[in-house]
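Please read it with the model open.

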Amino acid sequence: MGKGPRGQGGFTTQQDDTLHGRKKGSVDSYIVSRLLQYIKPLKGLVATAIIITVGGSFLGPLRPYLTKVAIDDHISKGDLQGLGAISLILGAVILLDGIKQYAATWLAQVIGQKAVFNIRMDVFRHLQKLPARFYDRNPIGRLITRTTNDIESLNELLSSGIVTILGDTLQLVFIVGIMVWIDWQLTLVVLAILPLMLYATVFFKSRVRIAFQDVRTHVARLNTFFQEHITGMAIVQLFNRQERESEAYAAINRDHRDANIRTVFYFSIYYPLIETLSAVAAGLVIWYSGVRLLKADLTIGIVISFVQYISLFFRPLQHLSDKFNTMQTAIASSDRIFRLLDEKEGLEDEGEKDAASPLDTFTGSIEFKNVWFAYEHENWVLRDVSFSIRHGEKIAIVGATGSGKTTIINILSRLYPYQQGEVLVDGIRLEEIPQQSLRSLVGVVMQDVFLFSGTIQENLAFGNPSVPFETLRQAAETVGADRFIRKLPGGYSYRVLENGTGLSTGQKQLIAFVRALLYNPEILVLDEATSSVDTETEGLIDRATERLMKDRTSIIIAHRLSSVQKADRIIVLHKGVIRETGSHQELLKERGLYHKLYLLQHPETLTAEGA
Ligand SMILES: Nc1ncnc2c1ncn2[C@@H]1O[C@H](COP(=O)(O)OP(=O)(O)OP(=O)(O)O)[C@@H](O)[C@H]1O
């Protein structure tokens, strides 16, 4: 695996006019309705947040009005008692407004975090169901970006977006309403600046949005590059590629930096411009008020309250345009997340958990009938492959590298669907066997053993977490792993680092064998490691393989002579075609391909066998 074409045709690269089969116009409402499904279970919290936000939205706009009353009705008339009362009311309004903001922010965050928790869980569960083919097409770095950055921008929308938009809109309505009520002419002066402001906002925001999309694309690239290079750092160092890789990284990094600088550039123009416009509005109000003050047509309280209203008025406007941006980004992120969640390829087994399994034990045979398979298009990797394995039989598959050995296993364990022919297990077509039944029937030991960070014990019990420690230890003893495990610091509690760093290849193999033994499958599939180990470990692995295969139907992709010799039958593959089958001795006598392969791998036997 892992040899597939990367970066092409992944679910995130689709750039057509229709998303989820819908026209672009209806995509936004589709996405919003899907997002609402995550909000639905939180309707109590949402209702409380809305009540608090709506109920409290008049508090802010009330403050300048109270200031006006304080000046015009009390200060100018020397009414100290009245001034005291209005100050108390003003203090209470400020306090209530603070409490409202605290409660609304807290509730919004709780709603956002709860919804995002569920989205994250859905994404992770879904990723666990997606087949190997999907992972061939989508680089890990890109998937990580989906599950971090994209979900984070959704969080921003859910936690601050929706409720804030409602609150800000209502505030604007209240502000304009009170302003008109106090003095409609001054209100018109303030609103005169609005078209210019809206034009600037639309102009800059559309550019910022494009720049932000660029930033996100570059973040995904940075992540992919970084992830690959950290995983493959040893190769980079061994091949002295540090300089070259740094240059490649610099190019991606530069694009990322420039995209970010573009967003900063727009913001650095936009915010001062808005500040200037609101200063102009304040100037206009003061000028116009001055004219009217001279005519004694206006009070000083009105002027002061209007100057306060200007800053109050522009703030929610600013918020709203920011939220618009957040929403755009979040909708793009949601689209990518939902597209990932809608990835159906290879999910034909959904809901099968409850279905009665037609196959709980294996008693008959495995049959490949004229199977054709290609990873992509018509590049056939297996051509017309037919063979059958009886219950209890031990089969070895041999062949040159790239001949299709692992592919046979990939098909049997249903990591990839085949295109033509038939694969039957106990006479049942592979596709009709629920994935779960098949996976408990067939145990696979991969060539590259993957260990998770955790203790040795957790790694051993990976396929069977409820196994008692004593059974686990006995399995390790049977396979011959117990001795080395006990020598590790902490023994079975030794913490394995990410992907088993700190353990040798042979040790990792033995751990995989214990895992398989504990999983106790009816059919064992073993992709033998090609990497050479020392003679002692080789002996250990040999014995472990034998014990693992005992009383089991087994298929082994054999790289070692001892494994081949022990097989009941050997299948020889050549460029995806079965060329020979028979026992070791029979095939040697045939002096065909197997004989050639055998001599290539064991030249020392040339003289011994007189070949
Ligand atoms: N995920 C994949 N996507 C596309 N092509 C693949 C994929 N995996 C394998 N291949 C191709 O299929 C062919 C057979 O690969 P396979 O892994 O079955 O060979 P193999 O006989 O097991 O080789 P080896 O002994 O080196 O493990 C090779 O040409 C390989 O490049």
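This is a predicted model: local features need pLDDT of at least 70, side-chain atom pairs count only at pLDDT 80 or more; totals for chains, interfaces and linings use all residues.

## Helices α10 and α11

On the α10 side, the contact is made by I274, S278, A281, A282, V285 and S289. On the α11 side, V303, F306, V307, I310, S311, F314 and Q318 take part. Sorted by class, the contact of α10 with α11 holds 9 nonpolar and 4 polar residues, and no charged ones.

## Helices α2 and α4

Helix α2 (residues 43-56) and helix α4 (residues 80-129) also meet at an angle of about 155°, with axes 9 Å apart. The pair α2 and α4 is therefore roughly antiparallel. The crossing of α2 and α4 is left-handed.

Helix α2 contributes L45, V46, T48, A49, I52, T53 and G56 to the contact. Helix α4 contributes L96, D97, K100, A103, A104, L107, A108, V110 and I111. The residues of the contact of α2 with α4 comprise 11 nonpolar, 3 polar and 2 charged.

## Helices α15 and α17

What angle do the axes of α15 and α17 make where they cross? The axes of helix α15 (residues 469-479) and helix α17 (residues 505-519) cross at roughly 125° and come within 9 Å. That angle makes α15 oblique to α17. The crossing of α15 and α17 is right-handed.

Residues L472, A475, A476, T478 and V479 of α15 meet L510, F513, V514, L517 and L518 of α17. By class, this contact has 9 nonpolar residues, 1 polar residue and no charged residues.

## Domains

The protein chain is divided into domain 1, spanning 18-341, and domain 2, spanning 365-609. Taken over C-alpha atoms, the centres of domain 1 and domain 2 are separated by 55 Å.

## Annotated transmembrane regions

Which residues does UniProt give the feature "transmembrane region"? The unreviewed UniProt entry places this feature at residues 42-60, 80-99, 157-180, 186-204, 264-288 and 294-314.

Two of these spans can be described from the model. Residues 42-60 are 84% helix and 0% strand, and the end C-alpha atoms of residues 42-60 lie 28 Å apart. Residues 186-204 are 95% helix and 0% strand, and the end C-alpha atoms of residues 186-204 are 28 Å apart.

Technical notes: Residues are numbered from 1 along each chain as its sequence is written. Axes are lines fitted to C-alpha atoms, for helices over the stretch in contact, and angles run from 0 to 180 degrees between N-to-C directions. Helices (H or I, at least four residues) and strands (E, at least two) are DSSP runs, numbered from the N terminus. Angles under 35 degrees count as roughly parallel, over 145 as roughly antiparallel, 65 to 115 as roughly perpendicular and the rest as oblique. A crossing is left-handed if the near helix is turned anticlockwise from the far one by less than a right angle, and right-handed if clockwise. Two residues are in contact if their C-beta atoms, placed from the backbone, lie within 7 Å. Ala, Val, Leu, Ile, Met, Phe, Trp, Tyr, Cys and Pro count as nonpolar, Asp, Glu, Lys and Arg as charged, and the others, Gly among them, as polar. Domain bounds come from an automatic or database domain assignment. UniProt positions are given in the numbering used here, feature names are shortened, and annotations may be inferred rather than shown by experiment.
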